[in-house]
Amino acid sequence: MRVIVIIFLFVIFVAANLYIFSHFAIPVNFEREIEYGATFSKPYAEDFDLDWKETYLAILDDLKVRKLRVPAYWDLIEPEQDKYNFEDLDWQIDEAEKRDAKIILAIGRKLPRWPECFMPIWVKDWNETAQQERVFKMLRDVVIRYKDRDVISAWQVENEPFFRFFGECPPADEEFLKTEIEVVKSLDDTRPIIITESGELSSWLRGGKYGDTLGVSMYWIVWNRHWGYFHHHIPAIYYN
């Protein structure tokens, strides 16, 4: 009987909370204009055997995308220690600027697309402390290079830094992220810092403590080699 009473009270509690949330949730403004953008990843385009420059220009000119997220992959911009190669990243930023587009520049060690963490070969055998120091140096160099470019609208520091279940990355380190943000803000305190979180597999609370804007990824249909396709059946109220 005690178990039945507990279950009954729990059901009542959940139903009451759902009722309250449904009536006091954040109102949706259906009149608001939605601005769509796209993320462009040079290595991901190359994975599909595409001409990455042609693909990038097609996004800008054919799709008319004017809001872009572009990752500054560490292994591409610093292929050798202390020897930077910004040619490809400069080109992407220049072409966006010619078309009055805006770029969110994603910077750090963990950035969009597999394997998530893009460390150069020369640093992979270093211990975590030494790697982090090199990340701070890389962040300084990237921000200093691009902070005077009006085409850059925001800095995204890392990508889903607290999401531990995907990618080939070191464990999440909150102090490391805090220091990264401090490094960026010390060089540019005018642009917003974006921190991203998983939409379905996170409470967003940790990411929401940092930065100026919270970005949330939503994967309603995912594939896993163990069970194939999986559909998230999460009601919209969850996101409110």
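This is a predicted model: local features need pLDDT of at least 70, side-chain atom pairs count only at pLDDT 80 or more; totals for chains, interfaces and linings use all residues.
**Whole chain**

Nine helices and eight strands make up its secondary structure. Along the principal axes, the C-alpha atoms fill a box of roughly 70 × 45 × 40 Å. Of the 240 residues, 38% are buried. Now consider contacts with a separation of 6 or more: residues 24 or more positions apart account for 68% of them.

**Charges**

Colour by charge. There are 29 positive and 41 negative charges, and their mean positions lie 3 Å apart. The salt bridges number 20. A few of them come next.

**Lys137 and Asp82**

Select Lys137 and Asp82. They form a salt bridge, with the closest N and O atoms 3.7 Å apart. Lys137 sits in helix H6 (residues 128-146), while Asp82 is in the loop between helix H4 (74-77) and helix H5 (87-98). The two are 55 residues apart, so this pair links distant parts of the chain. Lys137 is partly exposed at 28% relative accessibility. Asp82 is partly exposed too, at 45%.

Stay on Asp82 and check its backbone. Its phi is positive, about 65°, although Asp82 is not a glycine. Most residues other than glycine have a negative phi.

**Glu174 and Lys209**

Go to Glu174 and Lys209. Their side chains meet in a salt bridge, 3.1 Å from N to O. Which parts of the chain does the pair tie together? Glu174 lies in helix H7, and Lys209 in the loop between helix H8 (205-208) and strand E6 (213-217); the parts are 35 residues apart in sequence. Lys209 is exposed, with a relative accessible area of 56%.

**Glu95 and Arg99**

Select Glu95 and Arg99 for another bridge. Here the N to O distance is 2.9 Å. Glu95 counts as buried, at 10% relative accessibility.

**Glu180**

Move to helix H7 (residues 174-187) and pick Glu180. This residue is buried yet has no salt bridge. Which side chain of opposite charge is nearest to Glu180? It is Arg109, 6.7 Å away. A salt bridge needs the nitrogen within 4 Å of a carboxyl oxygen. Show the neighbours of Glu180 next. Leaving out residues up to four places away in sequence, Glu180 touches Gly108, Arg109, Val135, Phe136, Leu139, Val157 and Glu158.

**Glu158**

One of those contacts, Glu158, is the next selection. Glu158 lies in the loop between strand E4 (152-157) and H7. Is Glu158 buried or exposed? Glu158 is buried, with a relative accessible area of 4%. Its phi is positive, about 65°, although Glu158 is not a glycine.

**Trp114 and Pro115**

Select Trp114 and Pro115 and look at the bond between them. The peptide bond is cis, with omega about 10°. Most peptide bonds are trans. Pro115 is in the loop between strand E3 (102-107) and H6.

**Acidic patch**

Select Glu46, Asp47, Asp49, Asp51 and Glu54, which form a negative surface patch. Glu46 belongs to helix H2 (residues 42-47). Glu46 is partly exposed, with a relative accessible area of 37%.

Key: Residues are numbered from 1 along each chain as its sequence is written. Side-chain values use heavy atoms; hydrogens and water are left out. Helices (H or I, at least four residues) and strands (E, at least two) are DSSP runs, numbered from the N terminus. Buried means under 20% relative accessible area, exposed over 50%, partly exposed in between (1.4 Å probe, protein chains only). Lys and Arg count as positive and Asp and Glu as negative; His and the chain ends are not counted. Contact means heavy atoms within 4.5 Å. Patches are made of residues with over 30% relative accessible area and no salt bridge: like charges are joined within 9 Å, nonpolar side chains (Val, Leu, Ile, Met, Phe, Trp, Tyr) within 5 Å. Accessible areas come from the Shrake-Rupley method with a 1.4 Å probe; for residues, only the protein chains shown count as cover. The place of a charge is taken as NZ of Lys, CZ of Arg, CG of Asp or CD of Glu.
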